[in-house]
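Have your viewer open as you read.

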Amino acid sequence: MSKLPSLQKILHGIKRTILRFPLETLTAITGTVFAILLVEKKYDDPKEFCIKAIMTCSLCLVSFLSVSLYFETAKKSQLYRYAASIVLGCLITAFISSFSTDITPVEGMEFIALNIALHLLVSFAGFIPKAYNQDEFWEFNKQLFLKILTAGLYSGVLYCGLALAILAIEELFLYTMPRNIYGYVFVSIAGIFNTIFFLSGVPETNNAEEPLVLNYPKGLKNFTQFVLLPLISIYLVILLCYEAQIVIFTELPVGWVSYLVLVFAISGILSFLLIHPIANENGNLWIRTYNRWFYFLLIPLLGLLYWAILYRISLYGFTHERYYVLLLSIWLLIVVAYFLILKQPKIKFIPISLCIAGLFSICGPQSADSVSKYSQLSRFETYIQKSEKQKLTFEEVKDLSSIVLFLKNNYDVEVMVPYAKTKLEKLLKKDKAPDVYAIVGALGYDYKSYYDQQGDDTNFYYYYYGNYQLENIHGYDIAFVVNSNEDFQCDNCTKIENKNYSIAAYRKNGIIQLKINQDMVILNIRDFVNQNPDFKVHGNSDEKIIQKVETPKYRISLDYISLNGRFENNKKIVQNYQIKIMVGIKE
């Protein structure tokens, strides 16, 4: 009967892990401290420093682990190990510090790519300074993989147990816990317990007393043989049938088929790695067949993958997503060629080549950011030059709008200024942070979204998204909101200088009949909308549209919140609106 480990044995194991991986442990604790500080912050508190610190610690943790495994196997001085770790840590810190205050999607993608590359580095770093042994390499990564799953399971159960215990104390003893107690517990378990538990199970790659001996779990074989491989086979049949369909009917592949092929190929390679030690054993016909034909079956799917992604790039240029799809496509082609050509291929080629591909995409002129940025700027310049000679078509304006949206979200408006002559310079003098509607408008067109279709310009709308929380109403005595769905009426609703006022607003054919006590004022919103060019097909704006009306007794301001309608015989027909009316009573 197995015995539970004693407290002394657990403490000894923790001590051994910390002494073996001191920098990794310190980094995990530091990241956890910043995560706790992040949990403490309120919704509107600045969080950028804490987020960047957590990102830095997560990258440093895996890079330090790779360095430790390398120098542990090489049996070199610890001084070199710490020096290399510090240099890597400084580079990672500088990389994350270069991110914007509000981290952009592009920077988030770069972080994920580097994180994946560094995790892959852990898988082979300990085998760089020693003679390669395929069985040891597989066993090492199997133990890492199982330890990740076990650490996640233990951490999840521990958190659930502690969370229920805290809830029980609050409910049974009516004791109020700190506001963020559940967040503190979660990040402490995820950052410290989970990390130390995982590090305690990282095997040594060059230990004569405890050598890495291949031990293939029966459960892993059953999972791969009876669950994973059948699922992959179903996807293979679907993709091959789809490829046959587009060949027979000469259709163009849909864009997202690239992602499906990549998921299938990467899942298939993972399955290939999982079954590798038993792939050629007798009695495993299903596994042997899969191992023999997998890379051959990938060839037609690679053709489909390249067709789909290159067609999209030829139409719309590079974006970061398309860059990574193409990069993974090239990587897959190299992996397929490697395993088909070499008689005795090494499985370490898969993580090494993918790690290099990830690092390749992060910085430099060949990086995802550089290639995507200059691809879209080139397309932007082409449309600007074309628009100077002729009017762009609806689809071209729609494409130009998507380019502007991409560049604005990822690089801001300044990158477009050198390519847009003086059009954007005039805009930036008035507005330092224009939205995409204003940018496309400055180029001479109305913004078209991805969902817009030709013919949609029979309608127009305006929506003000500025700040209504605080307004200066000096000079006005009464304020209320009217809309197109119902009339407004308020009897004796206010008293000004000892005089009662009743207010009513009646809707009638694009006008508002405003009644103040016995006085009737006609507010002609129909003519105002037709004379004002700011009511257009796409009218989202942070600039308020105001209509002023003066009578001998009253000073009236109509602040348009939203309004929409349709074009009919070159006129704007108002259909729906919401307007804030302010009335000032003249003495």
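How many residues does helix α3 have, and what distance does it reach from its first C-alpha to its last? Helix α3 covers residues 48-74, which makes 27 residues, and it reaches 39 Å between those two end atoms. That is close to the 39 Å expected at 1.5 Å a residue, where the expected span is 1.5 Å times one less than the number of residues. Helices here are DSSP runs of H or I with at least four residues, strands are runs of E with at least two, and both are numbered from the N terminus. Just after α3, Lys75 takes a positive phi of about 55°.

Before going further, a word on what you are looking at. This is a predicted model, in which local features need pLDDT of at least 70 and side-chain atom pairs count only at pLDDT 80 or more, while totals for chains, interfaces and linings use all residues. Residues are numbered from 1 along each chain as its sequence is written, and side-chain values use heavy atoms, with hydrogens and water left out. The pLDDT is the predictor's confidence in each residue, from 0 to 100. The chain averages 87, and 93% of the residues score at least 70.

Now step back to the overall layout. The chain is divided into domain 1 (7-200), domain 2 (218-363), domain 3 (369-450) and domain 4 (462-585), with bounds that come from an automatic or database domain assignment. The C-alpha centres of domain 2 and domain 4 lie 61 Å apart.

Next, look inside. A nonpolar core is a set of buried Ala, Val, Leu, Ile, Met, Phe, Trp, Tyr and Cys residues joined through side-chain atoms within 4.5 Å; buried means under 20% relative accessible area, exposed over 50%, and partly exposed in between, with a 1.4 Å probe and protein chains only. The largest such core has 83 residues, and those with the most contacts inside it are Ile96, Phe264, Ile269, Tyr295 and Leu332. Helix α10 (residues 285-316) gives the largest share of this core, 13 residues. Because domain 1 and domain 2 both give residues to this core, it lies between them. Leu332 touches Leu262, Ala265, Ile269, Leu302 and Leu305, not counting residues up to four places away in sequence; contact means heavy atoms within 4.5 Å. Apart from this core lies another, of 29 residues, among them Phe480, Leu523, Tyr554 and Val583.

Leaving aside neighbours within four places in sequence, Leu298 is in contact with Phe264, Ala265 and Val336. Leu298 and Gly358 are 60 residues apart in sequence and 22 Å apart in space, C-alpha to C-alpha.

Turn now to the charged pairs. Side chains of opposite charge can pair when their charged atoms come close. The structure holds twelve salt bridges, each a side-chain nitrogen of Lys or Arg within 4 Å of a carboxyl oxygen of Asp or Glu. One of them joins Lys130 and Glu136 at 2.8 Å, N to O, and both residues are buried. Another links Glu396 to Lys386, with the closest N and O atoms 2.3 Å apart. Glu396 lies in helix α14 (residues 394-411) and Lys386 in helix α13 (residues 368-389), so the pair ties together parts that are ten residues apart in sequence. Glu396 is buried at 15% relative accessibility, whereas Lys386 is partly exposed at 30%. Arg526 and Asp527 also meet in a salt bridge, at 3.8 Å, N to O; Arg526 is partly exposed at 35%, and Asp527 is partly exposed at 36%.

Finally, visit some loops. Most residues other than glycine have a negative phi. Leu174, in the loop between α6 (134-173) and α7 (181-200), has a positive phi of about 50° and is exposed at 73% relative accessibility. Asn498 has a positive phi near 65°; this residue sits in the loop between β3 (488-496) and β4 (499-508) and is exposed at 71%.
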